[in-house]
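Here's a quick tour for anyone opening this structure for the first time.

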Amino acid sequence: MKIKIAASILSADFSKLGVELKKVKLAGADLIHVDVMDGHFVPNITIGPEVVKFMRQSTPLALDVHLMIQNPAKYVEVFVNAGSDMITVHIETVSLKGLQAIAKRLKRRKVKLGISLNPGTHLAKIKPALGIVDFVLVMSVNPGFGGQVFMPKAINKIRQLRAIFAKDIAVDGGINSATAKLVKQAGANILVAGSYIFGAKNIKQAINSLR
Ligand code: DX5
Ligand code: ZN
């Protein structure tokens, strides 16, 4: 499978978002990963739909919107309207029925649906959802903040998932050139990285080393 690199905008300099978006595009990023946090599902508050709207105007890259929020169904529409190309919701925040309803709405709008699970959530929890979603986002840190250390137990989860799931597997949290190698070997093909990319002296080199 083709490896895609998603630059997590959470680690960018927000005073010049447009410049940062151009920089990662030039350096070869495939996707822009947008971390939406509500201060309830995770202990941090970040980006809302208004910012996504301006990002949409500032980059041709696909916007991969990661909803770390309670009651995602309530906000899916507004993030679609803001210009999301992919939307991920957490299994810890939706029922299967709720997810089916979200899937229907996103399909109509031609937006891809991902399901994510926290490091502490067993793979069995997402199994009933695998037939509904376009991709899975495996968390390799507890969501909430950029710059955390990769949790190695994600590797087994990715390997087990790859054995039963043929579509895209993304991994998010603590990705650098060393952990990228491990998750690719395990079967992940979308790598989300924030601090490793935006903290690099040479962003192009950083992205190439992940790929
Ligand atoms: C964590 C977010 C990640 C984060 C990754 O809650 O979902 O997308 O930005 O940042 P790094 O790559 O620095 O771990
Ligand atoms: Zn994320």
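Rolling a probe the size of a water molecule over the atoms shows where empty space is left. Keep in mind that this is a predicted model. With that in hand, the largest cavity holds about 40 Å³ of space, while the largest pocket holds about 270 Å³, and that pocket is where ligand 1 sits.

**The cavity**
- A search of the whole structure turns up 1 cavity of 30 Å³ or more.
- Sorted by class, the lining of the largest cavity comes out as 4 nonpolar, 1 polar and 2 charged residues.

**The largest pocket**
- The space in the largest pocket comes to about 270 Å³.
- The pocket lining splits by class into 12 nonpolar, 13 polar and 2 charged residues.

**Ligand 1 and its shell**
- Ligand 1 sits in the largest pocket.
- The elements that each give two or more residues to the shell around ligand 1 are β2 (31-37), β3 (62-68) and β8 (190-193).
- Of those, β2 gives the most, with 3 residues.
- There are 20 residues around ligand 1, and D35, G147, D172, G194 and S195 come nearest.
- By class, that shell has 8 nonpolar, 10 polar and 2 charged residues.

**Polar contacts and burial**
- Which part of S195 comes within 2.6 Å of an oxygen atom of ligand 1? An N or O atom in the S195 side chain does.
- With G144, a backbone N or O atom lies 2.8 Å from an oxygen atom of ligand 1.
- For G147, again, a backbone N or O atom lies 2.8 Å from an oxygen atom of the ligand.
- How much of ligand 1 does the protein bury? Taken alone, the ligand exposes 380 Å², and the protein buries 100% of that.

Conventions
Residues numbered from 1 in each chain as written. Chains lettered and ligands numbered in written order. Predicted model: local features only at pLDDT ≥ 70, side-chain atom pairs only at ≥ 80, totals over all residues. Heavy atoms only, no water. Near = heavy atom within 4 Å. Polar contact = N/O pair within 3.5 Å; in protein donor to acceptor, adjacent residues only side chain to side chain. Areas by Shrake-Rupley, 256 points an atom, 1.4 Å probe, with all protein chains shown as cover. 1 Å grid on protein atoms, 1.4 Å probe; cavity = no way out; pocket = protein on both sides within 12 Å on 5 of 7 lines; lining within 4 Å. Sits in = over half its atoms within 2 Å of the grid points. Helix = DSSP H or I, 4+ residues; strand = E, 2+ residues; numbered from the N terminus. Nonpolar A, V, L, I, M, F, W, Y, C, P; charged D, E, K, R; others polar. Points joined across faces, edges and corners; volume = space filled by probe spheres on them.
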